[in-house]
Amino acid sequence: MPGLLGDVPYRTYDRGEVIFRQGDEGNGECYLVHEGTVQVRKGIDGDERVLRVLVKGDLLGEVALFRDAPHSATAVAAERVTLLVISADRLENMVRTHPGLAIALIRQLARMAAGDDSMCARGGRPRPA
């Protein structure tokens, strides 16, 4: 269900609803988890595995946004979730004006590129500045 939280659009999903699927187009937006949790899953060797569980303050879909490519994983609401919708332009502006966010994003992307799925246990998530 779309809406506005301040001047930021948001969407809500019920438990089990697919937010996007692996291979879906990114549509020039990513999401910030505002409430609830999201499972990020990926099909590996014919089996769907949970890679990460995202919570309030975590970004979702930023890889497809930065790569300008389809989503590399599937995102499913693990419980009722509210996601703030962040356009590519808005994220670029946030990164330019909040260097701490830029560094956190770079760290998260580097961990993902290295296949480090333990980042959630260490709390290594980018947070908005």
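Q: What makes two residues count as a contact here?
A: Contact means heavy atoms within 4.5 Å. A word of caution before we use that: the model is a predicted one.

Q: Which residues does Gly-43 touch, not counting residues up to four places away in sequence?
A: With those neighbours left out, Gly-43 touches Gln-22 and Glu-48. Gln-22 sits 21 residues from Gly-43 along the chain, and the C-alpha atoms of the two are separated by 8.1 Å. The touch itself is judged on heavy atoms within 4.5 Å.

Q: Why is Gly-43 called partly exposed?
A: The relative accessibility of Gly-43 is 45%. Buried means under 20% and exposed means over 50%, with partly exposed in between, so Gly-43 counts as partly exposed. Gly-43 belongs to strand S5, residues 38–44.

Q: What makes Phe-20 and Tyr-31 an aromatic pair, and why is the pair called stacked?
A: The structure holds one aromatic pair. For Phe-20 and Tyr-31, the rings are 6.3 Å apart centre to centre, with 25° between the planes.

Q: What makes a set of residues a nonpolar core, and which residues have the most contacts inside the largest one?
A: The largest nonpolar core has 15 residues, and Ile-19, Val-38, Leu-60, Val-81 and Leu-83 have the most contacts inside it. Two or more residues each come from S3, S4, S5, strand S8 (74–77) and strand S9 (81–87). S9 gives the most, with three residues.

Q: Which residues does Ile-19 touch, not counting residues up to four places away in sequence?
A: Among them are Val-38, Leu-60, Val-81 and Leu-83, along with Tyr-13 and Ala-75. Apart from this core lies another, of 11 residues, including Leu-59, Leu-65, Leu-84 and Leu-101.

Q: How many helices and strands does the protein chain have?
A: There are four helices and nine strands. Of the 129 residues, 40% count as buried.

Note on methods:
Residues are numbered from 1 along each chain as its sequence is written. This is a predicted model: local features need pLDDT of at least 70, side-chain atom pairs count only at pLDDT 80 or more; totals for chains, interfaces and linings use all residues. Side-chain values use heavy atoms; hydrogens and water are left out. Rings of Phe, Tyr and Trp (its six-membered ring) pair if their centres lie within 6.5 Å; planes under 30 degrees apart count as stacked, over 60 as edge-to-face and the rest as tilted. Buried means under 20% relative accessible area, exposed over 50%, partly exposed in between (1.4 Å probe, protein chains only). A nonpolar core is a set of buried Ala, Val, Leu, Ile, Met, Phe, Trp, Tyr and Cys residues joined through side-chain atoms within 4.5 Å.
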